[in-house]
Each structure stands twice: as C-alpha cells, then as structure tokens.
Amino acid sequence: MSSSFVVIRTWSRIATLFVSAITVLMVVGPTVAHGGGTLQLSDALAGPYRLTVWTSPEPVRMGELHVTVGVGDTNGLSVLDASVLVIITPPNGSGKPFSDDATTSQSANKFNYEVDFELTSPGIHEITVEVRGVEGEGIRRFDIEVLPLKVHEWNRVILIGGGVVASLTWIFWRKRANLHV
C-alpha cells in the first residue's frame, strides 16, 4: 500500500467522522429542546391545580419559544384531560398579547402539555398559564427575559464551515485516489 493511499484513507475517515458528528449535533440540539428546558414554575398552586412549567431554549432569544406545562391535582396526580392556554404579553405594550393551546399531542411522554411560539420582540415578557378542567380553573403568571437575536452565531458558522471544508477535502482526496488506482 502506498503512503499516499494511507494518508488519503486517514483523511477520508477523519472527514467522515467530523461530518457525522456535526450532523448528530445539528439533529440532537433541536430534539433535546422539546419536552424540557429551564424550570420557570415548580409545583406552583393555580386554583385546584399544581403547575410545573419549563421554557426552552436557554437563554430565550427572539425566535422560537417552546413551553412545556405539567399539570397535577392537589394530590400530586397528573391531570391529562385539562384545557391549557398559554398567553404571552410582550413588554411595555409593545404589541398585543398572543396565545395558543398547549396540548399533549406534541409531548414525547403524553404527560405534559406543550406549545411553540414565535417571539418577535426583546424584553421582559409576561407568560400566563390558564388551566381549565373538571376540578375548576387556575391561573399562574411569570416573567421571562427575551434577548435580541445574535448577529452571528459563530459556533454554528465555524462548525458548518469546518464541515464544508472537511467534505471538500474528502471529495478532493477521493478523486485523487481514484485517479492513481
């Protein structure tokens, strides 16, 4: 085996591993975001219910906000047949409040209520969670700070750029190896 073939094979393996790792990170990152996140309320009383609420991503920036709500009764049992409405009020009257129903259909374990929003302004937003069910209704509020978008997310630029360079290097070496065979 020639030394150039060994070098090409080594670079090919490195490039393949690098591209595979980048692909896994890009797929796993968004997947992990759903169904958890930063704890905002923990076992908070809201009428006859106890609420646990998570938001993601962390930190919250303009763009997608994922809200996960766990609803329990006063005995600590999960409530799976409630109506859960999440209302977001932008800061200082900078926009009209917007809302959506959180449901168990998006939830991986079907025990939490989940909903996604698109945030368009930075600042302190008030989040209201309203729960209605056979036990009655409850309301709980909390604030989150929404940061502006980053102009450049350098870590992604570097990873994607590195992946492109590794892929092009791999293609170049593969073509060169095929010419010498």
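A residue counts as partly exposed when its relative accessible area lies between the buried limit of under 20% and the exposed limit of over 50%. Keep that scale in mind for this tour of a predicted model.

**Confidence**

Colour the protein chain by pLDDT. The mean is 83, and 76% of the residues reach 70 or more. Then select residues 27-33, where the pLDDT is below 50. Beyond near neighbours in sequence, this stretch has three contacts in the model.

**Asp 43**

Select strand S1, residues 38-46, and find Asp 43 in it. Asp 43 is not a glycine, yet its phi is positive, at about 55 degrees. Its relative accessible area is 44%, so Asp 43 is partly exposed.

**The loop between S2 and S3**

Move on to the loop between strand S2 (49-56) and strand S3 (63-73), where Pro 57 lies. Show the backbone and look at the peptide bond from Ser 56 to Pro 57: the bond is cis, with omega near 10 degrees. Pro 59 is in the loop between S2 and S3 as well. Glu 58 and Pro 59 are joined by a cis peptide bond, with omega about 0 degrees.

**Leu 65**

Next, select Leu 65, in strand S3. Is Leu 65 buried or exposed? Leu 65 is buried, because its relative accessibility is 0%. Now display what surrounds this side chain. Leaving aside neighbours within four places in sequence, the contacts of Leu 65 include Thr 55, Ser 56, Val 60, Ile 88 and Val 115. Also among them are Asp 116, Phe 117, Leu 119, Ile 127 and Ile 144. To try a distance, pick the C-alpha atoms of Leu 65 and Val 146: they are 9.5 Å apart, while the two residues are 81 residues apart along the chain.

**Lys 110**

Go to the loop between strand S5 (98-102) and strand S6 (112-119) and select Lys 110. Lys 110 has a positive phi of about 65 degrees and is not a glycine. With a relative accessible area of 42%, Lys 110 is partly exposed.

Finish on helix H2, residues 154-179, which holds Val 164.

Notes: Residues are numbered from 1 along each chain as its sequence is written. This is a predicted model: local features need pLDDT of at least 70, side-chain atom pairs count only at pLDDT 80 or more; totals for chains, interfaces and linings use all residues. Side-chain values use heavy atoms; hydrogens and water are left out. pLDDT is the predictor's confidence in each residue, from 0 to 100. Contact means heavy atoms within 4.5 Å. Helices (H or I, at least four residues) and strands (E, at least two) are DSSP runs, numbered from the N terminus. Buried means under 20% relative accessible area, exposed over 50%, partly exposed in between (1.4 Å probe, protein chains only).
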